[in-house]
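Reader: I would like a close look at the salt bridges in this structure, and at the helices around them. Please take me through that part slowly.

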Amino acid sequence: MIAPDRLYDLALVIAFAAVALAQILAMIRLVIGPTTGDRILALDTMVIDAIGMIVLVGLAQGTQIYFEAALIFAMLGFVSTVAYARFILRGDIIE
Amino acid sequence: MTGTVIPEILIAICLLMGALFMLVGSFGLLKLDSPMKRMHAPTKASTLGVGALLLASMLHSFAFDDGSLHEILIMAFLFVTAPISANFIAKVAIHRGRDMPTPEPPKDQTWSTLDVPAETGSPDAPEAPVRG
């Protein structure tokens with residue numbers, strides 16, 4: 001049985017590795033994606049993975065100062081996804 | 001020592017669950033074989049995963065600090081906006097998907113996102129233009 005503090009550190013390391021791997025997999029789909037929708041979806045997934053990574057960094061350092069960065073990433077990721085999709089759909093973002 | 005064991009186990013479970021869900025979401029994005037199938041994995045699994053990571057952060061702040069509910073803001077925003085962006089990406093896949101025909105609508109004339117009026121703006125255009 002692992003000691004609990006070791007368990008927490010181990011979980012943090014595993015979470016870092018898994019989120020980094022998820023980021024890399026989404027990046028592969030971004031590069032090879034056959035259609036435009038796949039590329040938009042891969043970018044959206046990469047933003048969500050980046051939010052998870054920021055939260056993990058905040059947990060590892062034990063501070064709360066990364067909260068604003070995660071919030072701004074969430075807002076900007078949504079706006080950029082919608083803007084990209086509208087640009088593909090209409091050829092124009094603000095009509 | 002014993003006071004921090006239970007929160008650390010809870011945080012570790014939330015972390016592992018969230019990281020696993022995010023990994024499954026990105027793996028599904030890479031593995032599935034058609035654009036509409038690929039829509040499933042990241043929009044649902046990754047959103048749930050980042051929710052679990054934010055829950056772990058919130059538990060950490062309550063267990064070892066003063067406690068903060070800030071993360072609910074990010075969680076609510078992500079959970080609200082994930083279906084909207086998925087809807088937009090699905091519209092892009094419908095309009096641009098040359099190799100995948102749209103299934104027949106159950107009882108209407110056509111899918112509403114393909115039912116664009118004519119360029120002149122007359123609302124009762126006789127028929128929707130062919131998609132493409």
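Author: A salt bridge here is a side-chain nitrogen of Lys or Arg within 4 Å of a carboxyl oxygen of Asp or Glu. The model is a predicted one, and by this rule the count over all chains comes to two salt bridges.

One of them pairs Lys37(B) with Asp33(B), with the closest N and O atoms 3.2 Å apart. Lys37(B) has 41% relative accessibility and counts as partly exposed, while Asp33(B), at 55%, counts as exposed.

Arg38(B) forms a salt bridge with Asp38(A), and there the closest N and O atoms are 2.4 Å apart. Because Arg38(B) lies in helix α2 (residues 35-38) of chain B and Asp38(A) in helix α2 (residues 36-61) of chain A, this pair joins two chains. Arg38(B) counts as buried, at 5% relative accessibility, and Asp38(A), at 1%, counts as buried too.

Turning to the helices of chain B, the axes of α1 (residues 5-31) and α3 (residues 40-64) come within 7 Å and cross at roughly 160°; angles over 145 degrees count as roughly antiparallel, and α1(B) and α3(B) are therefore roughly antiparallel to each other. The residues of their contact divide into 22 nonpolar, seven polar and one charged, and α1(B) passes α3(B) in a left-handed crossing.

For chain B, an unreviewed UniProt entry lists residues 6-30, 42-63 and 69-90 under "transmembrane region". In the model, residues 6-30 of chain B are 100% helix and 0% strand, with end C-alpha atoms 36 Å apart, whereas residues 69-90 of chain B are 91% helix and 0% strand, with end C-alpha atoms 33 Å apart.

Methods:
Residues numbered from 1 in each chain as written. Chains lettered and ligands numbered in written order. Predicted model: local features only at pLDDT ≥ 70, side-chain atom pairs only at ≥ 80, totals over all residues. Heavy atoms only, no water. Axes fitted to C-alpha atoms, helices over the stretch in contact; angles between N-to-C directions. Helix = DSSP H or I, 4+ residues; strand = E, 2+ residues; numbered from the N terminus. Parallel < 35°, antiparallel > 145°, perpendicular 65-115°, else oblique. Left-handed = near helix turned anticlockwise from the far one by under 90°. Nonpolar A, V, L, I, M, F, W, Y, C, P; charged D, E, K, R; others polar. UniProt positions renumbered as here; feature names shortened; annotations may be inferred. Buried < 20%, exposed > 50% of the residue type's maximum accessible area, 1.4 Å probe, protein only.
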